[in-house]
Amino acid sequence: MIVKNPNFEISAVSPKQYPKNNLPEIVLVGKSNVGKSSFINTMINRKRLARTSSEPGKTRQINFYNIDNQFYFVDLPGYGYSKMSKVEQEKVGAFIEEYLFNREQIALIIFLIDIRHSPSANDKLMYNYVISSKLPFIILANKADKIAITKVENSVKDLQKEINPIGDAIILPFSSERKIYKDDVFNIIEKYITI
């Protein structure tokens, strides 16, 4: 897929702010600093459309990126960021839940997990959340450039064993640096956004 004119459309914290044009939405979930913004920039071939930060917990709204009026990438706030106050965590959690369980335009959830680490307790909670939403999803083992290329396949298998032992979820490696996995992900996305 060649992306020609992506743009950031809106940051929302409630349904009345969500886009009204019924385009399919590809939703990104994952812990703070797992690389959701970098994923978006890689997929659309832009350096800084989605703002990246080395400081976790920066995204506190739901960010909608309109991709050529064909679909949205929707970046949800990351979880597991300890410096966010309890009240803020609950507020963010509530609007994420409201979005995930009520938004009819969601076509696919992309769940990013850091390939270098075993899934955290929060990752496992999010996995159960994604399962209970009954929406289609894939898991990306992100930051694959941070390990030797010869270890990527086994690391993906280890992640599968730990988070999805029955093996019915698609788990793919991904790296914003290497970009070599981009087409695999777009091939899946295209299946879910065809109107």
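Which residues are exposed on the other side of α2? The views below take up this helix and then the sheet.

This is a predicted model, in which local features need pLDDT of at least 70, side-chain atom pairs count only at pLDDT 80 or more, and totals for chains, interfaces and linings use all residues. Residues are numbered from 1 along each chain as its sequence is written, and side-chain values use heavy atoms, with hydrogens and water left out.

**View 1. Helix α2 has a buried side.** Helices (H or I, at least four residues) and strands (E, at least two) are DSSP runs, numbered from the N terminus. Val92, Phe95, Ile96, Tyr99 and Leu100 of α2 are buried. They cover an arc of only 135° around the axis, which puts them on the same side of α2. The arc is that of the directions from the helix axis to the C-beta atoms. Exposed on the other side are Lys86, Val87, Glu90, Lys91 and Asn102. Buried means under 20% relative accessible area, exposed over 50%, partly exposed in between (1.4 Å probe, protein chains only).

**View 2. An open sheet has 7 strands.** Their order is β1-β3-β4-β2-β5-β6-β7, and the pairing is mixed. Two strands pair if DSSP finds at least two bridges between them. The edge strands, β1 and β7 (170–173), each pair on one side only.

**View 3. Strands β6 and β7 pair in the parallel sense.** Ala141 stands opposite Pro173 in β7. Strands of a sheet pair through backbone hydrogen bonds, either parallel or antiparallel.
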